[in-house]
Amino acid sequence: MGRRLVVIGLAIAAVSAAGCGHLPGRQPDPDQAAGFRGGAWREAWSRSPASLDPAHLVTLLDAAAATLIYNGLVRFDLQGRLVPDLAARMPERSADGLTYRFELRRNVRFHNGRELTAADVVYSFRRVLDPATLSPRAWVLEPLAGAAAFRRGERDDLPGVRADGRYRVVLTLERPLAHFLSLLAMPAGFVVDRAEVERHQDPADYGFHPVGTGPWVLAGWLPGAYLRFHANLDYFEGRPHLDRLEYRVIEDGATARAEFVAGNLDRLRLTPGDSRRFREDLRWRDAMVPAMDLAVYYLALNCEKPPFTDLRVRKAINHAIDREAILKAVLPDRHVPANGSIPPGLEGHDPALAGWTQDPDLARRLLAEAGFPRGFRMEILQTASPGALAITEPIQSMLAQVGIKARIVQLETAAFFSAVGDQGNPDAFFISWWADIPDPENFLYPLFHSKNRGAGGNRSRFADPVVDRLLETARATMDRAERVAMYQAVERSVFRQAPWVPLYFPVNYSIHQPWVRGYISSPVATAQKMTGVWFDPEATPRPFRPRGNRRETASEDAQLSDTPVVTHGSHAPGGKHADFHHASRCPRRPGGVAGGRAGFSRTHR
Amino acid sequence: MGERASPELIDSIRRELGLDDPIHVRYLRWLGRTLRGDLGRSWATRRPVLESLVSRFPVTLRLTVLAFTLSTVLGVAVGVTAAVREVSGSGYLVRPLLLVGQSLPVVYLGLLLMYVFGVWLRLTPISGIGDGGLRYFALPAATLGLYGSVYKARMTRAAMLEVLRQDYIRTARAKGLAERVVVYRHALKNAMVTVVTVLGTGLSALLVGSVLTETLFGLPGIGKLQVEAVWARDYPVVMGCLLFEAATVSGVNLAMDVAYAWANPRIRLA
């Protein structure tokens, strides 16, 4: 039951097909990698992780940091395939789809030297579900038998997780769930050492002194400044190529750019302002690497509130808007237009899915048929963000052309989510959805099942019994191809009913220094374990010269990059870009690097 | 809690945070805890707020000492020179420069210094705290110091011009004192009354954390803590920072009132 998040190459192809892609300059050559060891990786994060306790990880950044330290039973590799991690091989699943038997790898050791056993897995899973832990991620493991009652404190035993001997774990589900293994690959499934967790009097302290089995050991953490790791030389898959990692907290995009240009960062995640700037720069433009995010941006219509209860009105709004014109102007190279909800690069994405083309006459006719020949007034909610306004303002003027007078209401983030959640009753709002797991389920079940209406994810309050039934059947269908076909059918059926104006799938860019090899971008936050990345001592640094005639201001980037509080598996405001670790550089000479990399920063002044 | 928190979980957290009590009970509880030095726990990291403040303060303090010293020395020196040479080439030159300096946003000044000294000349680190060495403070302290010195120079100059026109200055000159003594012992000490006020507000502004500069240069001080807390909507930390600010500003103002008495014995602390 491998998840097949299509290789990033395919995502790149999709981007290029959309006429806005630039292929990366070099492809990693894994065979060659074996020869080069050593070096310290330097990258920037826009903020510190809140905690590195797997039970308390919420954001993509937290997950990206924790995946360096921990392992789960299974994980996603950089190609988006589900592969065994602490498990020696993919588990056996019983015929009824309820029981999974995991055989653990032998001789896996925590960073403190203790061997990992089945009891640690049981402890870790129980801990996440334990009501006393107050884990925001307990729902991830809730499909386990008895987990829901255990989590509510109604029972003390957890029959869904048990150890069978020292090296075997048996997981039992309440009911079959096709994407269950994908859930196990989430950070909530990371395995911790009980002794380490219980060593701290204050339970919050463990999150700052994490101990796992992963390829990197946390060596230093100054909140707001940096996180440093050194390689776990006893890592069960072999030690990483690099010796050290340093992630610096740099909030300001202009600072990060300065550090990168000076050669102090190995990778920079580009803000929209940056990607324009580097694209115009001949020395850097071919080093830009595009990647898809697992996300979709859309204008949601409230299907429970008149006049949006009327399909003709929802269609009219879709026909009134020319998305491509808006996106070409606002995010020229950072989007793939969306017709549905499943992003390209994810199995199940349907490039043939028909969208709504702009046709103001048809829109006016539909409105007249629905009883609004002269249009109506409506409100579009969004968070207070210039990035979002750049999308909603053109929408407003296009709606005006068919007689709909839309008012844009900007709200503070918390107020916005409350207004578009269970407490509010909005007309329409600009929002984005960020997936938990690379599975089409995550772009349909939470968003369109009537049981999730409101804050559960289905914020457009779409309800269709046929869709509900299909979604439930798909969740219990173990055959992958059949399941994907079902999800495509659901997507077609949902979007014929126009609960959204789908807008775009975001594309992000990063840029690497010329000596970086083996870095593969993955939209799955936990896939990048930094074990395959290495430095090429022969690489020539890019010519460095001052760009004195360029305007360098912080405001442009601050505008578009916004706050980096995208939580994964959830909604983010529209217009907020996934800027969870725009890269930036640290002012340290890359000394002590094996091979010729030391001294780079001196050679390209 | 994320999007999928169950009602039970939300309830248990409300209870844990004491949000189910009436507002006056919550206020009194908060006041009681604050007086005992318990500022609560961060919602994001679940650690005590006081701990974050204490761990971040040394960075801000260091930056303050450096920036304050630079801005005071530079500001007073330039101000005095500009006043003494009011009608000379350097006086005419300094005034428009000060005006430009005051109009330059601190972020722009910071970026300018960052690109010139960090990126092009490579004399200083560009940002961050590194091993905590002094060189990491060079650019942020220079930014804040230059920025602060402009206002101080303008105020010093204005105060000096006023004092230099006084009768007792003429008397001092008439009795044959050296110009240096007239300017520094007689004039400057009297001009300091105004200048001390400016120094005080400048000092408390630095001590409570320079939000923009710390963020721009990635220095983990109080200012950056505030920004992080606001972005994360981590209200206990935001409140802790504000309380710290209020206390610092009050403390510095008190110290300045005492300093007035030193600068001008005519002011008595009743």
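This is a predicted model: local features need pLDDT of at least 70, side-chain atom pairs count only at pLDDT 80 or more; totals for chains, interfaces and linings use all residues.
Two strands count as paired when DSSP finds at least two bridges between them.

- Strands of a sheet are joined through backbone hydrogen bonds, in either a parallel or an antiparallel way.
- In chain A, four strands make up an open sheet, and their order is β1-β10-β9-β8, with mixed pairing.
- At the edges you will find β1 (40-45) and β8 (216-222) of chain A, each of which pairs on one side only.
- From one strand to the next, the twist averages 20°.
- To see one bridge for yourself, find A:His230, whose bridge partner in β10(A) is A:Arg244.

**Helix α12 in chain A**
- Which residues of helix α12 (residues 360-369) of chain A are buried? They are A:Ala363, A:Arg364, A:Leu366 and A:Leu367.
- Looking down the axis of α12(A), you would see these buried residues fall within an arc of 160°, so they line one face of the helix.
- Part of what covers the buried residues of α12(A) is α10 (311-320) of chain A.
- Just after α12(A) comes A:Gly371, which takes a positive phi of about 100°.

**The domains of chain B**
- Chain B is divided into domain 1 (1-38) and domain 2 (55-269).
- How far apart do the C-alpha centres of domain 1 and domain 2 of chain B lie? The distance between these centres is 41 Å.

Notes:
Residues are numbered from 1 along each chain as its sequence is written. Chains are lettered from A and ligands numbered from 1 in the order in which they are written. Domain bounds come from an automatic or database domain assignment. A residue is buried if 20 or more other C-beta atoms lie within 10 Å of its own, exposed if 12 or fewer, and partly exposed in between; C-beta atoms are placed from the backbone. Helices (H or I, at least four residues) and strands (E, at least two) are DSSP runs, numbered from the N terminus. The arc is that of the directions from the helix axis to the C-beta atoms. Two residues are in contact if their C-beta atoms, placed from the backbone, lie within 7 Å. Axes are lines fitted to C-alpha atoms, for helices over the stretch in contact, and angles run from 0 to 180 degrees between N-to-C directions.
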